[in-house]
Amino acid sequence: MATASSKTYIVEHLDPELGTWSELEYLAIARESQEAGAKFCLSSLPETFKVPEALSSIPSFTAETRGVEDLYASDKSRVCLLDPAAAKDLAPEDGEKFDAFLFGGILGDDPPRDRTSELRKKGFEGRRLGPIQMTTDTAVRVTRLVVQGKTPLNEIPYLDHPELKFNKHESTQMPFRYVKGQDGKPIMPEFCENVPGKDMDIMEEVPPPLEINPPLLNAACPWATTLDDLRRLYACPWTGAVTTRTSLIHGFDHDPAKHQYTFFDAGQTGLAPNASINSFGYSPLALESYLGFIKTISDEQSARSSKGFIVSVTGDPEDIERCYKLIATAAQDMKFPLAMEINLSCPNIPNRQPPAYSQDLLSAYLFSLQRAIATGGVNLTRIPVGLKTPPYTHATEYQTLIAALEQAAANTSSGGVCPLSFITATNTLGMCLVVADDGDLLSSPAGPGFGGVAGAPLHPLALGNVAMLRRLLDSNAAKLGHIRVVGVGGVLDEEGFRRMMRAGAHAVAVATGLGLKGVGIFEEIGRGTERRQSQI
Ligand SMILES: Cc1cc2nc3c(=O)[nH]c(=O)nc-3n(C[C@H](O)[C@H](O)[C@H](O)COP(=O)(O)O)c2cc1C
(Lines give C-alpha, C1' and ligand atoms only; values in the text may rest on other atoms or scores of the structure.)
Protein backbone atom coordinates (compact mmCIF):
# COMPACT_ATOMS: atom_id res chain seq x y z
CA MET A 1 0.00 0.00 0.00
CA ALA A 2 1.16 3.52 -0.76
CA THR A 3 1.98 5.79 2.15
CA ALA A 4 1.64 9.54 2.40
CA SER A 5 5.39 10.04 2.39
CA SER A 6 5.82 8.21 -0.89
CA LYS A 7 3.60 10.50 -2.93
CA THR A 8 5.08 12.00 -6.06
CA TYR A 9 3.57 14.89 -7.98
CA ILE A 10 4.59 14.85 -11.60
CA VAL A 11 4.17 17.74 -14.01
CA GLU A 12 4.87 16.99 -17.64
CA HIS A 13 6.86 19.89 -19.09
CA LEU A 14 7.50 19.35 -22.80
CA ASP A 15 8.61 22.86 -23.57
CA PRO A 16 12.35 23.61 -23.93
CA GLU A 17 11.81 26.90 -22.13
CA LEU A 18 10.42 27.92 -18.79
CA GLY A 19 8.32 31.08 -18.41
CA THR A 20 8.74 33.26 -15.33
CA TRP A 21 5.28 32.32 -14.17
CA SER A 22 5.79 28.56 -14.50
CA GLU A 23 9.08 28.81 -12.65
CA LEU A 24 7.37 30.50 -9.71
CA GLU A 25 4.60 27.90 -9.73
CA TYR A 26 7.12 25.05 -9.81
CA LEU A 27 9.07 26.60 -6.95
CA ALA A 28 5.87 26.77 -4.90
CA ILE A 29 5.06 23.12 -5.69
CA ALA A 30 8.61 21.97 -4.83
CA ARG A 31 8.65 23.83 -1.49
CA GLU A 32 5.22 22.59 -0.46
CA SER A 33 6.03 19.01 -1.53
CA GLN A 34 9.21 19.20 0.53
CA GLU A 35 7.22 20.30 3.59
CA ALA A 36 4.62 17.56 3.03
CA GLY A 37 7.27 14.83 2.71
CA ALA A 38 6.37 14.29 -0.93
CA LYS A 39 8.37 14.50 -4.16
CA PHE A 40 7.93 16.81 -7.10
CA CYS A 41 9.11 15.76 -10.54
CA LEU A 42 9.15 17.57 -13.87
CA SER A 43 9.07 14.87 -16.52
CA SER A 44 9.44 14.69 -20.32
CA LEU A 45 11.87 17.63 -20.14
CA PRO A 46 13.63 18.37 -23.44
CA GLU A 47 17.41 17.68 -23.32
CA THR A 48 18.08 21.41 -23.71
CA PHE A 49 15.94 22.38 -20.73
CA LYS A 50 17.87 24.31 -18.09
CA VAL A 51 16.65 23.67 -14.56
CA PRO A 52 16.80 26.90 -12.54
CA GLU A 53 19.13 26.64 -9.55
CA ALA A 54 16.42 27.75 -7.12
CA LEU A 55 14.43 24.69 -8.14
CA SER A 56 17.22 22.10 -8.30
CA SER A 57 18.39 23.11 -4.81
CA ILE A 58 15.12 21.89 -3.26
CA PRO A 59 15.70 18.24 -2.20
CA SER A 60 12.14 17.10 -3.04
CA PHE A 61 12.61 18.12 -6.67
CA THR A 62 13.78 15.90 -9.52
CA ALA A 63 14.14 16.67 -13.22
CA GLU A 64 13.48 13.88 -15.74
CA THR A 65 13.87 13.75 -19.49
CA ARG A 66 11.92 10.49 -19.52
CA GLY A 67 8.15 10.53 -19.85
CA VAL A 68 5.88 9.03 -17.26
CA GLU A 69 5.26 6.02 -19.53
CA ASP A 70 8.93 5.04 -19.01
CA LEU A 71 9.16 6.10 -15.38
CA TYR A 72 6.23 3.91 -14.41
CA ALA A 73 6.57 1.29 -17.17
CA SER A 74 6.29 -1.57 -14.70
CA ASP A 75 3.26 -0.27 -12.80
CA LYS A 76 1.04 2.15 -14.62
CA SER A 77 -1.82 1.41 -12.25
CA ARG A 78 -0.04 3.36 -9.46
CA VAL A 79 -0.27 6.58 -11.48
CA CYS A 80 -3.33 8.83 -11.34
CA LEU A 81 -3.85 11.22 -14.22
CA LEU A 82 -5.57 14.46 -13.22
CA ASP A 83 -7.91 14.79 -16.13
CA PRO A 84 -10.86 17.18 -16.59
CA ALA A 85 -12.52 14.54 -18.78
CA ALA A 86 -12.26 11.74 -16.18
CA ALA A 87 -15.44 10.03 -14.95
CA LYS A 88 -14.61 10.22 -11.20
CA ASP A 89 -13.62 13.08 -8.89
CA LEU A 90 -10.41 12.71 -6.90
CA ALA A 91 -11.18 11.34 -3.41
CA PRO A 92 -9.14 10.81 -0.18
CA GLU A 93 -9.08 7.02 -0.74
CA ASP A 94 -7.14 7.64 -3.97
CA GLY A 95 -4.20 8.30 -1.66
CA GLU A 96 -4.21 4.54 -0.98
CA LYS A 97 -4.68 3.52 -4.60
CA PHE A 98 -2.03 5.71 -6.25
CA ASP A 99 1.61 6.68 -5.58
CA ALA A 100 2.03 9.27 -8.31
CA PHE A 101 -0.23 12.07 -9.46
CA LEU A 102 0.29 13.25 -12.97
CA PHE A 103 -0.51 16.66 -14.42
CA GLY A 104 -0.41 16.44 -18.21
CA GLY A 105 -1.38 19.92 -19.26
CA ILE A 106 -1.19 21.24 -22.78
CA LEU A 107 2.43 21.99 -23.21
CA GLY A 108 5.24 22.57 -25.67
CA ASP A 109 5.04 21.72 -29.38
CA ASP A 110 2.81 23.31 -31.91
CA PRO A 111 0.03 22.69 -32.31
CA PRO A 112 0.17 22.36 -28.52
CA ARG A 113 0.10 18.68 -27.61
CA ASP A 114 -2.81 17.77 -25.46
CA ARG A 115 -0.71 15.51 -23.24
CA THR A 116 -3.64 14.73 -20.96
CA SER A 117 -5.54 13.15 -23.82
CA GLU A 118 -2.39 11.31 -25.03
CA LEU A 119 -1.85 9.89 -21.54
CA ARG A 120 -5.54 9.04 -21.20
CA LYS A 121 -5.30 7.00 -24.40
CA LYS A 122 -2.25 5.21 -22.99
CA GLY A 123 -4.42 3.87 -20.21
CA PHE A 124 -3.52 5.99 -17.15
CA GLU A 125 -6.49 6.08 -14.81
CA GLY A 126 -8.00 9.55 -14.47
CA ARG A 127 -9.56 11.67 -11.74
CA ARG A 128 -11.19 15.11 -11.97
CA LEU A 129 -10.45 18.16 -9.83
CA GLY A 130 -13.65 20.08 -10.55
CA PRO A 131 -15.02 22.37 -13.22
CA ILE A 132 -13.03 25.59 -12.75
CA GLN A 133 -9.58 26.04 -14.25
CA MET A 134 -6.77 26.09 -11.68
CA THR A 135 -3.19 27.19 -11.93
CA THR A 136 -0.73 24.26 -11.94
CA ASP A 137 0.42 24.90 -8.37
CA THR A 138 -3.22 25.08 -7.22
CA ALA A 139 -4.01 21.75 -8.94
CA VAL A 140 -1.08 20.09 -7.13
CA ARG A 141 -2.04 21.76 -3.83
CA VAL A 142 -5.64 20.55 -4.11
CA THR A 143 -4.48 17.03 -4.99
CA ARG A 144 -2.17 16.98 -1.98
CA LEU A 145 -4.93 18.23 0.34
CA VAL A 146 -7.17 15.42 -0.88
CA VAL A 147 -4.79 12.45 -0.99
CA GLN A 148 -2.40 13.36 1.82
CA GLY A 149 -4.60 15.68 3.92
CA LYS A 150 -7.67 13.44 3.42
CA THR A 151 -9.93 16.45 2.80
CA PRO A 152 -12.73 15.69 0.36
CA LEU A 153 -12.55 17.81 -2.79
CA ASN A 154 -15.77 19.70 -2.03
CA GLU A 155 -14.65 20.61 1.49
CA ILE A 156 -11.53 22.48 0.43
CA PRO A 157 -12.03 26.24 0.83
CA TYR A 158 -11.70 27.79 -2.63
CA LEU A 159 -11.57 31.31 -3.97
CA ASP A 160 -12.71 31.58 -7.58
CA HIS A 161 -11.47 34.43 -9.80
CA PRO A 162 -10.27 36.45 -6.79
CA GLU A 163 -9.48 40.12 -6.92
CA LEU A 164 -5.83 40.63 -6.03
CA LYS A 165 -4.82 44.02 -4.67
CA PHE A 166 -1.26 45.19 -5.34
CA ASN A 167 -1.64 48.41 -3.42
CA LYS A 168 -4.27 50.99 -2.54
CA HIS A 169 -4.95 51.85 -6.17
CA GLU A 170 -4.13 48.74 -8.12
CA SER A 171 -5.82 45.39 -8.33
CA THR A 172 -6.30 42.56 -10.78
CA GLN A 173 -8.84 39.79 -11.13
CA MET A 174 -7.21 36.38 -11.53
CA PRO A 175 -9.05 34.12 -13.99
CA PHE A 176 -8.51 30.90 -11.99
CA ARG A 177 -9.61 28.93 -8.91
CA TYR A 178 -7.32 29.09 -5.86
CA VAL A 179 -7.22 27.52 -2.43
CA LYS A 180 -8.13 29.95 0.34
CA GLY A 181 -5.30 30.38 2.85
CA GLN A 182 -5.70 30.76 6.59
CA ASP A 183 -5.51 34.52 6.18
CA GLY A 184 -8.54 34.36 3.87
CA LYS A 185 -6.40 35.19 0.83
CA PRO A 186 -5.79 32.97 -2.21
CA ILE A 187 -2.64 30.85 -1.93
CA MET A 188 -0.40 31.64 -4.87
CA PRO A 189 3.31 31.84 -5.76
CA GLU A 190 5.31 34.48 -4.00
CA PHE A 191 5.66 36.61 -7.09
CA CYS A 192 1.96 37.48 -7.05
CA GLU A 193 2.17 38.80 -3.55
CA ASN A 194 5.24 40.81 -4.45
CA VAL A 195 4.39 42.28 -7.83
CA PRO A 196 6.29 45.51 -7.62
CA GLY A 197 4.02 48.53 -7.89
CA LYS A 198 6.55 50.23 -10.12
CA ASP A 199 6.18 47.59 -12.82
CA MET A 200 2.42 47.69 -12.70
CA ASP A 201 2.51 51.48 -13.08
CA ILE A 202 3.21 50.92 -16.77
CA MET A 203 -0.28 49.53 -17.06
CA GLU A 204 -1.95 52.74 -16.05
CA GLU A 205 -0.96 54.44 -19.28
CA VAL A 206 -3.00 54.25 -22.44
CA PRO A 207 -1.18 51.64 -24.55
CA PRO A 208 0.80 52.85 -27.58
CA PRO A 209 -1.47 53.40 -30.59
CA LEU A 210 -1.27 51.35 -33.77
CA GLU A 211 -0.39 53.77 -36.58
CA ILE A 212 -1.10 52.70 -40.19
CA ASN A 213 -0.70 55.29 -42.88
CA PRO A 214 -1.98 54.92 -45.60
CA PRO A 215 -4.71 52.98 -43.77
CA LEU A 216 -4.37 49.86 -45.92
CA LEU A 217 -2.48 46.62 -45.31
CA ASN A 218 -2.57 42.87 -45.82
CA ALA A 219 -4.24 40.62 -43.25
CA ALA A 220 -2.48 37.50 -41.89
CA CYS A 221 -2.59 34.95 -44.71
CA PRO A 222 -0.46 32.48 -46.69
CA TRP A 223 0.65 35.25 -49.06
CA ALA A 224 2.62 36.68 -46.15
CA THR A 225 4.58 33.52 -45.31
CA THR A 226 8.08 33.80 -46.74
CA LEU A 227 10.81 36.44 -46.67
CA ASP A 228 10.04 37.21 -50.33
CA ASP A 229 6.31 37.61 -49.61
CA LEU A 230 7.06 40.02 -46.78
CA ARG A 231 9.65 41.96 -48.84
CA ARG A 232 7.12 42.38 -51.67
CA LEU A 233 4.44 43.57 -49.25
CA TYR A 234 6.83 45.91 -47.45
CA ALA A 235 8.04 47.44 -50.72
CA CYS A 236 4.47 48.20 -51.85
CA PRO A 237 4.04 51.99 -51.45
CA TRP A 238 0.25 51.73 -51.18
CA THR A 239 0.20 50.02 -47.78
CA GLY A 240 0.90 51.46 -44.33
CA ALA A 241 1.96 48.22 -42.61
CA VAL A 242 2.53 44.51 -43.24
CA THR A 243 0.97 41.66 -41.27
CA THR A 244 2.79 38.32 -41.08
CA ARG A 245 0.98 35.00 -41.35
CA THR A 246 0.16 33.69 -37.87
CA SER A 247 3.08 31.84 -36.32
CA LEU A 248 3.61 29.86 -33.14
CA ILE A 249 6.69 29.75 -30.95
CA HIS A 250 7.70 26.38 -32.48
CA GLY A 251 5.87 26.43 -35.85
CA PHE A 252 2.71 24.60 -36.87
CA ASP A 253 2.65 21.09 -38.29
CA HIS A 254 1.26 22.12 -41.68
CA ASP A 255 0.03 19.14 -43.67
CA PRO A 256 -0.79 19.99 -47.30
CA ALA A 257 -3.09 16.95 -47.44
CA LYS A 258 -5.50 18.47 -44.94
CA HIS A 259 -4.64 22.17 -44.71
CA GLN A 260 -5.80 23.70 -47.97
CA TYR A 261 -7.44 26.73 -49.54
CA THR A 262 -9.23 27.49 -52.76
CA PHE A 263 -11.06 30.39 -54.38
CA PHE A 264 -14.64 30.27 -55.61
CA ASP A 265 -17.36 32.43 -57.07
CA ALA A 266 -19.78 33.17 -54.22
CA GLY A 267 -22.64 33.93 -56.59
CA GLN A 268 -22.05 30.63 -58.40
CA THR A 269 -22.90 32.43 -61.62
CA GLY A 270 -19.75 31.41 -63.42
CA LEU A 271 -18.12 34.80 -62.86
CA ALA A 272 -14.55 35.27 -61.63
CA PRO A 273 -13.85 34.03 -58.08
CA ASN A 274 -14.50 36.58 -55.33
CA ALA A 275 -14.32 34.36 -52.25
CA SER A 276 -12.06 31.87 -50.52
CA ILE A 277 -12.48 28.86 -48.28
CA ASN A 278 -9.59 27.42 -46.28
CA SER A 279 -8.82 24.72 -43.76
CA PHE A 280 -5.42 26.14 -42.77
CA GLY A 281 -4.06 26.17 -39.26
CA TYR A 282 -1.01 28.40 -38.92
CA SER A 283 2.35 28.96 -40.58
CA PRO A 284 4.83 26.06 -40.55
CA LEU A 285 7.51 28.66 -39.77
CA ALA A 286 8.18 29.58 -36.15
CA LEU A 287 7.95 33.08 -34.71
CA GLU A 288 11.73 33.24 -34.61
CA SER A 289 11.86 32.86 -38.43
CA TYR A 290 9.48 35.79 -38.83
CA LEU A 291 11.50 37.96 -36.49
CA GLY A 292 14.57 36.98 -38.56
CA PHE A 293 12.81 37.91 -41.84
CA ILE A 294 11.69 41.23 -40.40
CA LYS A 295 15.19 42.00 -39.15
CA THR A 296 16.55 41.25 -42.64
CA ILE A 297 14.03 43.67 -44.15
CA SER A 298 14.86 46.25 -41.50
CA ASP A 299 18.57 45.96 -42.31
CA GLU A 300 17.75 46.50 -45.99
CA GLN A 301 16.20 49.92 -45.25
CA SER A 302 18.42 52.96 -45.61
CA ALA A 303 16.36 55.11 -43.23
CA ARG A 304 13.94 54.76 -40.37
CA SER A 305 10.29 54.41 -41.37
CA SER A 306 6.91 54.59 -39.68
CA LYS A 307 5.70 51.68 -41.85
CA GLY A 308 6.11 48.65 -39.65
CA PHE A 309 5.07 45.04 -39.17
CA ILE A 310 2.20 43.50 -37.28
CA VAL A 311 3.46 40.12 -36.11
CA SER A 312 0.55 37.70 -35.90
CA VAL A 313 0.99 35.00 -33.25
CA THR A 314 -0.98 32.44 -31.34
CA GLY A 315 -0.52 29.63 -28.80
CA ASP A 316 -1.67 29.19 -25.24
CA PRO A 317 -1.67 32.15 -22.83
CA GLU A 318 1.84 31.34 -21.56
CA ASP A 319 3.14 31.29 -25.14
CA ILE A 320 1.65 34.71 -25.70
CA GLU A 321 3.58 36.05 -22.75
CA ARG A 322 6.77 34.77 -24.36
CA CYS A 323 5.76 36.00 -27.82
CA TYR A 324 5.24 39.48 -26.43
CA LYS A 325 8.67 39.55 -24.85
CA LEU A 326 10.34 38.19 -28.00
CA ILE A 327 8.62 40.69 -30.28
CA ALA A 328 9.05 43.67 -27.95
CA THR A 329 12.74 42.80 -27.54
CA ALA A 330 13.19 42.42 -31.32
CA ALA A 331 11.41 45.75 -31.86
CA GLN A 332 14.23 47.58 -30.09
CA ASP A 333 16.56 46.64 -32.92
CA MET A 334 14.42 47.55 -35.95
CA LYS A 335 14.23 50.63 -38.16
CA PHE A 336 10.45 50.53 -37.99
CA PRO A 337 7.78 49.79 -35.37
CA LEU A 338 6.48 46.31 -34.53
CA ALA A 339 3.08 45.40 -33.13
CA MET A 340 1.72 42.04 -32.00
CA GLU A 341 -1.63 40.61 -33.12
CA ILE A 342 -2.90 37.67 -31.08
CA ASN A 343 -4.94 35.44 -33.33
CA LEU A 344 -7.72 34.04 -31.12
CA SER A 345 -10.04 33.19 -33.96
CA CYS A 346 -8.81 30.43 -36.28
CA PRO A 347 -11.89 28.27 -36.91
CA ASN A 348 -9.97 25.26 -38.24
CA ILE A 349 -8.25 23.81 -35.16
CA PRO A 350 -9.91 20.49 -34.22
CA ASN A 351 -11.34 20.28 -30.69
CA ARG A 352 -10.52 23.92 -29.97
CA GLN A 353 -13.09 26.64 -29.77
CA PRO A 354 -11.61 29.89 -31.06
CA PRO A 355 -10.69 31.50 -27.71
CA ALA A 356 -12.28 34.85 -28.59
CA TYR A 357 -15.72 33.24 -28.15
CA SER A 358 -15.03 32.53 -24.45
CA GLN A 359 -14.77 35.15 -21.71
CA ASP A 360 -12.64 32.91 -19.51
CA LEU A 361 -10.16 32.23 -22.30
CA LEU A 362 -10.08 35.87 -23.40
CA SER A 363 -9.38 36.86 -19.80
CA ALA A 364 -6.59 34.30 -19.50
CA TYR A 365 -4.91 35.73 -22.63
CA LEU A 366 -5.34 39.33 -21.52
CA PHE A 367 -4.01 38.43 -18.11
CA SER A 368 -0.91 36.84 -19.70
CA LEU A 369 -0.43 39.97 -21.74
CA GLN A 370 -0.63 42.16 -18.66
CA ARG A 371 1.88 39.90 -16.95
CA ALA A 372 4.21 40.09 -19.95
CA ILE A 373 4.08 43.88 -19.89
CA ALA A 374 4.48 44.06 -16.11
CA THR A 375 7.35 41.59 -15.88
CA GLY A 376 9.05 42.92 -19.03
CA GLY A 377 10.19 45.79 -16.86
CA VAL A 378 10.69 49.42 -17.64
CA ASN A 379 13.51 48.79 -20.13
CA LEU A 380 11.27 46.91 -22.56
CA THR A 381 9.48 49.59 -24.54
CA ARG A 382 5.83 48.72 -24.83
CA ILE A 383 4.53 47.78 -28.28
CA PRO A 384 0.92 47.92 -29.52
CA VAL A 385 -0.96 44.65 -29.07
CA GLY A 386 -4.22 43.64 -30.71
CA LEU A 387 -6.60 40.70 -30.89
CA LYS A 388 -7.79 39.08 -34.08
CA THR A 389 -11.44 38.26 -33.49
CA PRO A 390 -13.78 35.81 -35.19
CA PRO A 391 -16.96 37.01 -36.84
CA TYR A 392 -19.50 37.57 -34.08
CA THR A 393 -23.09 36.88 -35.04
CA HIS A 394 -25.00 37.67 -31.86
CA ALA A 395 -25.12 40.45 -29.25
CA THR A 396 -24.11 38.03 -26.49
CA GLU A 397 -20.85 37.23 -28.29
CA TYR A 398 -19.93 40.92 -28.36
CA GLN A 399 -20.78 41.12 -24.67
CA THR A 400 -18.36 38.25 -24.00
CA LEU A 401 -15.54 40.20 -25.63
CA ILE A 402 -16.43 43.55 -24.08
CA ALA A 403 -16.74 42.00 -20.60
CA ALA A 404 -13.24 40.52 -20.93
CA LEU A 405 -11.82 43.84 -22.15
CA GLU A 406 -13.49 45.72 -19.30
CA GLN A 407 -12.22 43.18 -16.81
CA ALA A 408 -8.70 43.68 -18.17
CA ALA A 409 -9.14 47.44 -17.85
CA ALA A 410 -10.32 47.08 -14.27
CA ASN A 411 -7.28 44.94 -13.54
CA THR A 412 -4.85 47.80 -13.75
CA SER A 413 -6.59 50.08 -11.29
CA SER A 414 -9.96 51.72 -11.01
CA GLY A 415 -10.16 54.05 -13.97
CA GLY A 416 -7.55 51.92 -15.75
CA VAL A 417 -7.56 51.31 -19.46
CA CYS A 418 -7.60 48.08 -21.43
CA PRO A 419 -4.04 47.06 -22.40
CA LEU A 420 -5.02 46.45 -26.03
CA SER A 421 -4.27 48.97 -28.76
CA PHE A 422 -6.35 47.41 -31.52
CA ILE A 423 -8.78 44.71 -32.61
CA THR A 424 -8.60 43.17 -36.06
CA ALA A 425 -12.07 42.08 -37.14
CA THR A 426 -12.70 39.60 -38.56
CA ASN A 427 -11.20 36.23 -39.24
CA THR A 428 -12.96 33.78 -41.58
CA LEU A 429 -16.42 32.33 -40.86
CA GLY A 430 -15.80 28.72 -39.88
CA MET A 431 -17.53 25.46 -40.72
CA CYS A 432 -18.68 26.53 -44.15
CA LEU A 433 -19.08 24.01 -46.93
CA VAL A 434 -18.55 24.80 -50.57
CA VAL A 435 -19.26 22.03 -53.05
CA ALA A 436 -18.55 21.76 -56.71
CA ASP A 437 -20.23 19.51 -59.27
CA ASP A 438 -17.17 17.32 -59.41
CA GLY A 439 -16.71 16.92 -55.65
CA ASP A 440 -15.47 18.72 -52.52
CA LEU A 441 -13.36 21.80 -52.98
CA LEU A 442 -10.85 21.00 -50.28
CA SER A 443 -9.73 18.53 -47.62
CA SER A 444 -9.95 19.61 -44.03
CA PRO A 445 -9.44 18.28 -40.49
CA ALA A 446 -13.18 18.94 -40.02
CA GLY A 447 -14.14 16.69 -42.94
CA PRO A 448 -14.12 16.98 -46.72
CA GLY A 449 -15.09 20.39 -48.00
CA PHE A 450 -15.37 22.22 -44.67
CA GLY A 451 -13.46 25.41 -43.99
CA GLY A 452 -13.51 29.10 -43.13
CA VAL A 453 -15.04 31.36 -45.75
CA ALA A 454 -13.74 34.83 -46.58
CA GLY A 455 -14.04 37.36 -49.38
CA ALA A 456 -17.37 38.62 -50.75
CA PRO A 457 -19.70 36.41 -48.64
CA LEU A 458 -18.01 37.61 -45.44
CA HIS A 459 -18.18 41.30 -46.29
CA PRO A 460 -21.56 42.28 -44.73
CA LEU A 461 -20.74 40.35 -41.54
CA ALA A 462 -17.29 41.94 -41.33
CA LEU A 463 -18.77 45.43 -41.83
CA GLY A 464 -21.29 44.68 -39.09
CA ASN A 465 -18.53 43.51 -36.75
CA VAL A 466 -16.42 46.61 -37.34
CA ALA A 467 -19.36 49.00 -36.87
CA MET A 468 -20.64 47.21 -33.76
CA LEU A 469 -17.19 46.96 -32.17
CA ARG A 470 -16.55 50.66 -32.78
CA ARG A 471 -19.89 51.52 -31.20
CA LEU A 472 -19.34 49.31 -28.14
CA LEU A 473 -15.75 50.49 -27.61
CA ASP A 474 -16.83 54.12 -27.83
CA SER A 475 -19.67 53.56 -25.40
CA ASN A 476 -17.06 52.88 -22.71
CA ALA A 477 -14.63 55.50 -23.96
CA ALA A 478 -12.56 55.87 -20.79
CA LYS A 479 -11.54 52.22 -20.70
CA LEU A 480 -11.93 51.06 -24.31
CA GLY A 481 -12.27 54.12 -26.53
CA HIS A 482 -8.57 54.15 -27.45
CA ILE A 483 -8.80 50.67 -29.08
CA ARG A 484 -8.61 50.99 -32.85
CA VAL A 485 -10.40 48.59 -35.17
CA VAL A 486 -8.67 47.17 -38.22
CA GLY A 487 -11.43 46.14 -40.62
CA VAL A 488 -11.00 42.88 -42.56
CA GLY A 489 -13.42 40.83 -44.59
CA GLY A 490 -14.38 40.86 -48.23
CA VAL A 491 -12.57 44.01 -49.27
CA LEU A 492 -11.82 43.37 -52.93
CA ASP A 493 -11.78 46.91 -54.35
CA GLU A 494 -11.87 50.61 -53.52
CA GLU A 495 -15.60 50.57 -52.80
CA GLY A 496 -15.19 47.80 -50.26
CA PHE A 497 -12.33 49.76 -48.69
CA ARG A 498 -14.54 52.84 -48.44
CA ARG A 499 -17.41 50.87 -46.87
CA MET A 500 -15.03 49.48 -44.26
CA MET A 501 -13.66 52.94 -43.40
CA ARG A 502 -17.21 54.29 -43.13
CA ALA A 503 -18.09 51.43 -40.75
CA GLY A 504 -15.45 52.79 -38.38
CA ALA A 505 -12.20 51.05 -39.34
CA HIS A 506 -8.95 52.82 -38.50
CA ALA A 507 -7.33 50.86 -41.34
CA VAL A 508 -8.44 48.14 -43.75
CA ALA A 509 -6.74 44.78 -44.28
CA VAL A 510 -7.07 42.38 -47.19
CA ALA A 511 -6.43 38.63 -47.49
CA THR A 512 -8.58 36.97 -50.18
CA GLY A 513 -8.20 40.03 -52.44
CA LEU A 514 -4.41 39.72 -52.10
CA GLY A 515 -4.57 36.02 -52.99
CA LEU A 516 -6.75 36.74 -56.01
CA LYS A 517 -5.12 39.89 -57.39
CA GLY A 518 -1.63 39.94 -55.86
CA VAL A 519 0.01 43.03 -54.33
CA GLY A 520 -1.50 45.08 -57.20
CA ILE A 521 -4.80 45.17 -55.27
CA PHE A 522 -3.33 47.79 -52.95
CA GLU A 523 -2.39 50.05 -55.85
CA GLU A 524 -5.90 49.56 -57.30
CA ILE A 525 -7.49 50.62 -54.00
CA GLY A 526 -5.00 53.44 -53.42
CA ARG A 527 -5.41 54.91 -56.90
CA GLY A 528 -9.19 54.57 -56.64
CA THR A 529 -9.10 56.53 -53.37
CA GLU A 530 -6.90 59.23 -54.94
CA ARG A 531 -9.25 59.53 -57.91
CA ARG A 532 -12.26 59.85 -55.69
CA GLN A 533 -10.59 62.47 -53.52
CA SER A 534 -9.55 64.52 -56.56
CA GLN A 535 -13.19 64.58 -57.71
CA ILE A 536 -14.40 66.10 -54.45
C1 LIG B 1 -6.01 30.97 -46.98
C2 LIG B 1 -6.17 31.85 -45.79
C3 LIG B 1 -5.34 31.70 -44.68
C4 LIG B 1 -5.49 32.53 -43.56
N5 LIG B 1 -4.61 32.42 -42.52
C6 LIG B 1 -4.74 33.28 -41.47
C7 LIG B 1 -3.79 33.28 -40.42
O8 LIG B 1 -2.78 32.56 -40.42
N9 LIG B 1 -4.02 34.10 -39.37
C10 LIG B 1 -5.09 34.96 -39.31
O11 LIG B 1 -5.23 35.70 -38.35
N12 LIG B 1 -5.98 35.00 -40.31
C13 LIG B 1 -5.83 34.18 -41.38
N14 LIG B 1 -6.72 34.25 -42.40
C15 LIG B 1 -7.88 35.16 -42.29
C16 LIG B 1 -7.60 36.51 -42.95
O17 LIG B 1 -6.57 37.20 -42.30
C18 LIG B 1 -8.86 37.40 -42.94
O19 LIG B 1 -9.17 37.69 -41.61
C20 LIG B 1 -10.07 36.74 -43.58
O21 LIG B 1 -9.68 35.98 -44.70
C22 LIG B 1 -11.07 37.80 -44.03
O23 LIG B 1 -10.48 38.69 -44.94
P24 LIG B 1 -10.66 38.56 -46.54
O25 LIG B 1 -12.12 38.51 -46.80
O26 LIG B 1 -9.99 39.78 -47.10
O27 LIG B 1 -9.99 37.31 -46.94
C28 LIG B 1 -6.55 33.48 -43.55
C29 LIG B 1 -7.38 33.62 -44.66
C30 LIG B 1 -7.19 32.84 -45.78
C31 LIG B 1 -8.09 33.05 -46.98
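Does Met-431, at 55% relative accessibility, count as buried, partly exposed or exposed? Met-431 counts as exposed at that value, where buried means under 20% relative accessible area, exposed over 50% and partly exposed in between, for a 1.4 Å probe and protein chains only. The model is predicted: local features need pLDDT of at least 70, side-chain atom pairs count only at pLDDT 80 or more, and totals for chains, interfaces and linings use all residues. Residues are numbered from 1 along each chain as its sequence is written, and side-chain values use heavy atoms, with hydrogens and water left out.

**Open sheet and its helices**

- An open sheet is formed by 6 strands in the order β3-β2-β1-β5-β4-β8, with parallel pairing; helices (H or I, at least four residues) and strands (E, at least two) are DSSP runs numbered from the N terminus, and two strands pair if DSSP finds at least two bridges between them.
- The edge strands, β3 (61-63) and β8 (125-127), each pair on one side only.
- Strand β4 (residues 79-82) runs parallel to β8 and is joined to it by 3 bridges; Leu-81 has Gly-126 in β8 as its bridge partner.
- Helix α1 (residues 20-35) packs on the sheet and touches β1 (8-12), β2 (39-43) and β3, its direction making about 145° with that of β2; angles run from 0 to 180 degrees between N-to-C directions, and axes are lines fitted to C-alpha atoms, for helices over the stretch in contact.
- Helix α6 (residues 136-147) also packs on the sheet, touching β1, β4 and β5 (100-103), and its direction makes about 155° with that of β1.

**Helix α9**

- Leu-227, Asp-229, Leu-230, Leu-233 and Tyr-234 are the buried residues of helix α9 (residues 227-235).
- These residues cover an arc of only 160° around the axis, so they lie on the same side of α9; the arc is that of the directions from the helix axis to the C-beta atoms.
- Elements covering them include β13 (216-218), β17 (308-313) and α18 (520-535).

**Backbone features**

- Asn-213 and Pro-214 are joined by a cis peptide bond with omega of about 0°, and Pro-214 is found in the loop between α8 (197-201) and β13.
- A cis peptide bond with omega of about 10° joins Ala-425 and Thr-426; Thr-426 lies in the loop between β20 (422-425) and β21 (429-433).
- Met-431, in strand β21, has a positive phi near 60° although it is a residue other than glycine.
- Lys-150, in the loop between α6 and β9 (158-160), is not a glycine but has a positive phi of about 60°; at 36% relative accessibility, Lys-150 counts as partly exposed.

How values were computed: Contact = heavy atoms within 4.5 Å.
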